[in-house]
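Colleague: Walk me through this one, please. I want to know how to read its helix packing and its contacts.

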Amino acid sequence: MTNASVPAVTLGDGLTVSAIGFGAMALTHVYGEADDTESLATLNRCVDLGVTFIDTANIYGGGSNETLIAKLLADRRDEVTLATKFGIVGNPADRAGGKLAARGDAAYVRQSIDESLQRLQTDVVDLYYMHRRDRDVAIEETVGAMAELVAAGKVRHLGLSEVTADELRAAVAVHPIAAVQSEWSIWSRDVEGKVVPAAAELGVGFVPYSPLGRGFLTGTIRSAADLSATDFRRRMPRYADGALDANLAVVEVVKSVAEQQDATPAQVALAWLRYRADALRVASVPIPGTRRAARVEENLGSLSVTLTAEQLDALDAAGAAVSGNRFADLSWVSAGRE
């Protein structure tokens with residue numbers, strides 16, 4: 001399901017996808033007002049360009065993101081490798097206030113896929129993720145229920161988001177896992193310690209979300225003033241006083257390399273991630289999100305960026321100097337449970 005102009009990458013369990021995917025969360029109202037007509041145009045442009053690996057979740061926009069993607073699938077289902085997720089529950093206000101909850105019981109797994117298939121107006125999901133771990137339910141129960149969906153023909157491949165190496169090993173013992181999706185970027189490297197090596201060992205692919213650093217490379221966050229009207233500081237310590245300046249310094253290193261390469265900072269950040277995945281011997285496909293089709297083309301350009309050893313050393317050193325955890329409640333992500 002890939003355009004000849006975009007390389008294909010095989011993740012785990014034989015799942016082959018475009019070398020760059022698209023994170024559709026960017027098309028929700030989480031990031032401000034979204035226009036469905038413009039969003040659908042961006043999605044169609046993605047597929048036109050060969051970015052055919054489209055990632056959504058039942059929680060994005062309270063289901064509206066899946067409903068939007070159904071409009072793309074209506075005419076182009078055979079061209080798209082479709083990923084969606086289940087597991088995060090509760091209303092957005094609770095989550096914004098730090099009240100985080102997940103469900104992974106078998107009944108909820110079965111309920112969630114049927115609801116997603118209805119919203120997506122399709123009969124099968126190519127990659128179905130557990131979005132977050134429900135620590136009150138054995139992961140074997142959750143993955144066992146997901147495996148039943150494969151047997152029923154509702155799902156083709158299974159994925160897990162923000163799991164630890166041990167959780168991944170327990171899951172693989174139940175059913176093959178195609179991909180782990182976790183935050184991974186030059187600003188978020190904790191996954192390189194245990195879960196990425198485990199995925200490489202087990203033949204599981206890796207799908208980095210927020211590969212451009214959650215606002216650092218999009219122009220959203222350029223100084224402390226940009227945070228005044230947000231809850232970034234409370235939820236993400238890397239944006240707090242004392243950490244922000246250090247982390248903005250990483251942007252300057254990325255920009256410097258971009259100038260040397262005649263590339264954009266986003267292209268350099270994505271290229272760096274590709275090199276890191278190669279170094280750790282894991283099949284990896286990032287899913288940057290955007291509202292603008294031009295950004296999709298820009299992100300694809302990262303595939304032709306060839307970094308020198310000196311540039312990689314400079315970027316690695318910058319990434320190693322990042323300050324602050326990537327989430328306030330680290331138990332919500334793999335870093336807090338490793």
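This is a predicted model: local features need pLDDT of at least 70, side-chain atom pairs count only at pLDDT 80 or more; totals for chains, interfaces and linings use all residues.

Colleague: How many helices and strands does the protein have?

Modeller: Helices (H or I, at least four residues) and strands (E, at least two) are DSSP runs, numbered from the N terminus. Here there are 12 helices and 11 strands.

Colleague: How do α9 and α12 run relative to each other?

Modeller: Over 145 degrees counts as roughly antiparallel. The axes of α9 (residues 244-261) and α12 come within 9 Å and cross at roughly 165°. The two helices are therefore roughly antiparallel.

Colleague: Which residues of α9 and α12 meet?

Modeller: Contact means heavy atoms within 4.5 Å. From α9, V250, V253, V254, V257, Q260 and Q261 meet Q311, A314, L315 and A318 of α12.

Colleague: Where is R337, and which backbone oxygen does its side chain reach at 2.8 Å?

Modeller: R337 sits in the segment after α12 (309-320). A polar contact is a pair of N or O atoms within 3.5 Å; within protein, one must be able to donate a hydrogen and the other to accept it, and residues adjacent in sequence count only if both atoms are side-chain atoms. The R337 side chain reaches the backbone oxygen of E162 at 2.8 Å. A polar atom of that side chain also lies 3.4 Å from the backbone oxygen of V333.

Terms used. Residues are numbered from 1 along each chain as its sequence is written. Side-chain values use heavy atoms; hydrogens and water are left out. Axes are lines fitted to C-alpha atoms, for helices over the stretch in contact, and angles run from 0 to 180 degrees between N-to-C directions. Angles under 35 degrees count as roughly parallel, over 145 as roughly antiparallel, 65 to 115 as roughly perpendicular and the rest as oblique.
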